[in-house]
Amino acid sequence: MKRPIAHRALAGLAFTLLALAGCKKPSGDTAADTATSAPITPSLIPAPAELKTGEGTFAISADTRLSASGDAATRVAQQFAAYLQSAGGPALATTQDDGKGLIRFVLEASTDAAANPEAYTLDVTADGVTVKAGDERGLFYGAVTLWQLVTQGDNGRVTLPALHIEDAPRFGWRGFMLDPARHFQQVDEVKKIIDAMALHKLNTLHWHLTDDQGWRIEIKQYPKLTGIGGCRIPAGDGGKDPQTGEPRPYCGFYTQDQIRDVVKYAAERHITVVPEINVPGHATAAIAAYPELGSIDTPLVPSNEWGVFPNLVNVEEPTITFFENVLGEVVTLFPGTYVHIGGDEAVKDQWEASAREQARMRQVGAKTEMDLQGYLVERLEKHLASHGKRLIGWDEILEAKLPPEATVMSWRGIEGGLQAARQGHDVVMSPSNKTYLDYLQTASPNEPPGRPALITLQDVYGFDPVPPELEASQHHHILGIQANLWTEHTRTFARLQHNAFPRLAAVAETGWTPAAKKDFASFTARLPTLLKRYDAIGLGYAKTPFEPLIATGNDRKAGTATVTLSNPLDYPVHYTTDGSEPTPASPAFSAPLNVKLPATVRAAAFADGRALAPISTFELTQASLLSRTDEAMSVCPDAGRLLLRLEDDGPLEGERAIFNTTIFYPCWQWNQADLEGIASIKVRAGRIPYYFQLAHDEPHRTFEPAKSPLGELEILGGGCKGHTLATVPLPAAPDADGFLDLEAALPAGTTGRQDLCVRFTGDTRPQMWVLDRITLQPR
């Protein structure tokens, strides 16, 4: 179903609302562009280890030349020139000349390069710029810093202050995980992410190539892995051809030539690609392609659902040989040190019920099913080691005996990382509550689908990979930090960029900058300049952290409303109430506004004299204050809190409706709804597929028993454990547009403010009813 854009015009007046409007960049002044500009104030992300300014300046223009000698330095100079042009800067020519007035890239062997090959120095004087390093990697990162400095100017001209930078990263692993298994990214999109990573000084791309929903890497010995495992039929209307009604598969995989191309592209930008082949769980697509890999005889297909699945590969010798052969092809494609074997969320129900797997446990001496997984990990570790590779896996691999050479990626908090480091294993910190970028970053109704538990920019920035409780003697085991972006709910590349940026910049600063130099206030002060760079290179990013949020209270009898404006990052919000566009000269919000209805409030967050996102317009009317969408409703307390922001299954192409819903208990609550003078309540509901596998969490899903064959809409006063105000039977299906309007009359004498609960009864799987909007209707 498609929700009309106008439907969101007043989506979150009680929480947040943003109506997108155009925001034009002022045109340049030609006379000013040709004049020498004032020196910039360096605004770098990640912040360098040491930066000192001096006396004097150096102006860079289209006439400036890049000096480099030798292949490596010349490559870096050319990369700098290409990145500068990509941001709208001038095309700077390279030369082998030396002297004054140049930007010099100098590769100079030193003992420091062996200690930290990513280190560099950058000097700006009145005579020119010199970037110097002992290794090409360091020289490249020095070029990135210079690119950031130069792109602070306009129209290809910038005056740099004299400065000296000495810089090196805090951690050797500064990573980002990309998940094409759930939703596929094309090669050019992967390359765009690689370029963005390089410009943030990130150096590790973890490529999650296999999962229950898809196998995305060509394995020549086993063509069915992509021929069958590379396609699924999406749930509901998303998997049907709208013209014929025939199934329409969702497919995609990377050929080995494409893999080599991506790996080479990344290596040229000093990014190592770490492939992941997930076993024994998250393996439905592989088992669908080759059923003999499975632990049950039931035929499987690549899943169109999300969550934790019971399907495990077996641990018999032919299966181990199969995955050794798969890894044998993988290691030829990825020259880096590490190969990721997954190991997470492997629910052991099938092994427990399998006579074959129980016999296999006895054969290999495994006392528990987790020991059997440990046996598989040990065998794969030895195989990878024979190819000169190191195994890395999610922190569940710690639950069995782990080879000492194995590395652990700690995702279930930091506890796995602490345990691994104390056992002598290297660790990459990647906790789901701090570095998972598929979680929403603001409470705005303009957020795309995802997990609504918030991981804000502040949360990401505040995480330190070295826990204070870890003994100093074990600190060297913390290799670094990684952010993960799972794509169950990230259907498009635009949404992927929204989820990743600018939060990935916070990860980059944590990975690079000394802990003592980190400061969130400084980071947010530098962030607007980074957004200009994003705009210049065409990198998408989330606007929601930079938009104003609105909260309202109202007095219906008086016809007035109280308006509170804010910004998630505390940038100042300027507003107008006369319909005009706000500017930095408009009033800055500082105290709640009392407005007479109807009213129009326009607002934007500003920094450096610039609106950080398109102007937001809030239309406040008596009618709008009587209505709330699902985003503005609360979760019913103590009634199951697995809240998700879900997208509808159709239409196949174009905009789809988005709903906040708690899949463990389908209810929504309007806290302290004013029912004075309200005769009835109108509920607009939608219906979407229930596409979740919950494994051992399934018993936690509850629902109220249905009193009629198809269930009911129930409205309760006093909260979701309160008294029933109204009940309306549900039909077999929604209307043709996918929505359903239901009206429930309130009992006579209903009045006052009370917590209003809306819920649907009955277990309607494989479909589920979801709330779209609730409206209070006066007498």
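1. First, the terms: on a 1 Å grid over the protein atoms alone, a cavity is a set of points where a 1.4 Å probe fits but cannot get out, whereas a pocket is an open set with protein on both sides within 12 Å along at least five of seven lines. Lining residues have an atom within 4 Å of a point. Grid points are joined across faces, edges and corners, and a volume is the space filled by probe spheres set on the points.

2. Keep in mind that this is a predicted model, where local features need pLDDT of at least 70 and side-chain atom pairs count only at pLDDT 80 or more, while totals for chains, interfaces and linings use all residues. Residues are numbered from 1 along each chain as its sequence is written, and side-chain values use heavy atoms, with hydrogens and water left out.

3. Four cavities reach 30 Å³ or more. The largest cavity has a volume of about 80 Å³, and its lining includes Arg701, Phe760, Met768 and Trp769. That lining splits into five nonpolar, four polar and one charged residue (nonpolar: Ala, Val, Leu, Ile, Met, Phe, Trp, Tyr, Cys and Pro; charged: Asp, Glu, Lys and Arg; polar: the others, Gly among them).

4. The second largest cavity comes in at about 50 Å³. Both α4 (136-150) and α18 (520-537) supply at least two residues of its lining, with α18 giving the largest share, four residues. (Helices are DSSP runs of H or I with at least four residues, strands are E runs of at least two, and both are numbered from the N terminus.) By type, the lining has seven nonpolar, two polar and one charged residue.

5. Now the second largest pocket, which holds about 930 Å³ of space. Of its 38 lining residues, Gly307, Val308, Glu345, Trp411 and Arg451 lie nearest the centre. Strands β15 (306-307), β29 (643-647) and β33 (692-693) are the elements giving two or more residues to this lining. The lining counts 19 nonpolar, eight polar and eleven charged residues.
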